[in-house]
Amino acid sequence: MIKLRYSIIYAVIRPEISEQISVGLIFVDGDKVEMRYSNEKLKALQGLFPEKSYTFISQVVRSMKLKQSQYTVDMIDYLTRYSNNMISLSPLQSVDVIPSEQNKVKLYRNYVYAGV
């Protein structure tokens with residue numbers, strides 16, 4: 001059985017105490033990589049970050065979505081280890097479910113944003 005793998009994308013609010021907010025998910029289904037993020041959560045970050053920091057985070061997350069087809073599992077593994085102090089990714093996790101749209105939505109609602 002093929003397992004669904006995912007990595008959570010976080011905006012790091014205060015790195016000294018590891019305070020962070022999940023803003024998106026990266027799904028890995030075999031060789032296919034798909035990224036989803038929450039516009040609502042990105043907008044909420046405006047009140048938590050200075051304008052330059054917010055713009056940087058927003059641009060990085062949006063560019064990740066645009067370039068999702070270029071990502072590989074190795075690249076995601078690299079990003080989980082070497083992120084900056086404003087964006088971080090969790091290590092890839094596996095769940096024993098088939099990589100269906102329904103399961104992706106459930107994970108997204110659970111980890112990122114339930115208002116979908």
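Visitor: Is Ser22 buried or exposed?
Guide: This is a predicted model. Ser22 sits in strand 2, residues 19-29. Its relative accessible area is 10%. The cut-off for burial is under 20%, so Ser22 is buried.

Visitor: Which backbone oxygen does the side chain of Ser22 reach?
Guide: Apart from residues up to four places away in sequence, Ser22 touches Ile8, Ile9, Tyr10, Lys41, Tyr111 and Val112. At 2.5 Å, the side chain of Ser22 reaches the backbone oxygen of Tyr111.

Visitor: How many residues apart are Lys3 and Asp96?
Guide: The two form a salt bridge, with the closest N and O atoms 3.1 Å apart. Lys3 is partly exposed at 40% relative accessibility, and Asp96 is exposed at 57%. Lys3 lies in the segment before strand 1, and Asp96 in the loop between strand 5 and helix 4; the separation is 93 residues.

Visitor: Which element gives the largest share of the lining of the largest pocket?
Guide: The largest pocket holds about 160 Å³ of space. Helix 2 and strand 4 each give two or more residues to its lining. The largest share, three residues, comes from helix 2.

Visitor: How many charged residues are in the lining of the largest pocket?
Guide: Val60, Met64 and Asn84 are among the lining residues. By class, seven are nonpolar and three polar; the number charged is none.

Notes. Residues numbered from 1 in each chain as written. Predicted model: local features only at pLDDT ≥ 70, side-chain atom pairs only at ≥ 80, totals over all residues. Heavy atoms only, no water. 1 Å grid on protein atoms, 1.4 Å probe; cavity = no way out; pocket = protein on both sides within 12 Å on 5 of 7 lines; lining within 4 Å. Points joined across faces, edges and corners; volume = space filled by probe spheres on them. Helix = DSSP H or I, 4+ residues; strand = E, 2+ residues; numbered from the N terminus. Nonpolar A, V, L, I, M, F, W, Y, C, P; charged D, E, K, R; others polar. Buried < 20%, exposed > 50% of the residue type's maximum accessible area, 1.4 Å probe, protein only. Polar contact = N/O pair within 3.5 Å; in protein donor to acceptor, adjacent residues only side chain to side chain. Contact = heavy atoms within 4.5 Å. Salt bridge = Lys/Arg side-chain N within 4 Å of Asp/Glu carboxyl O.
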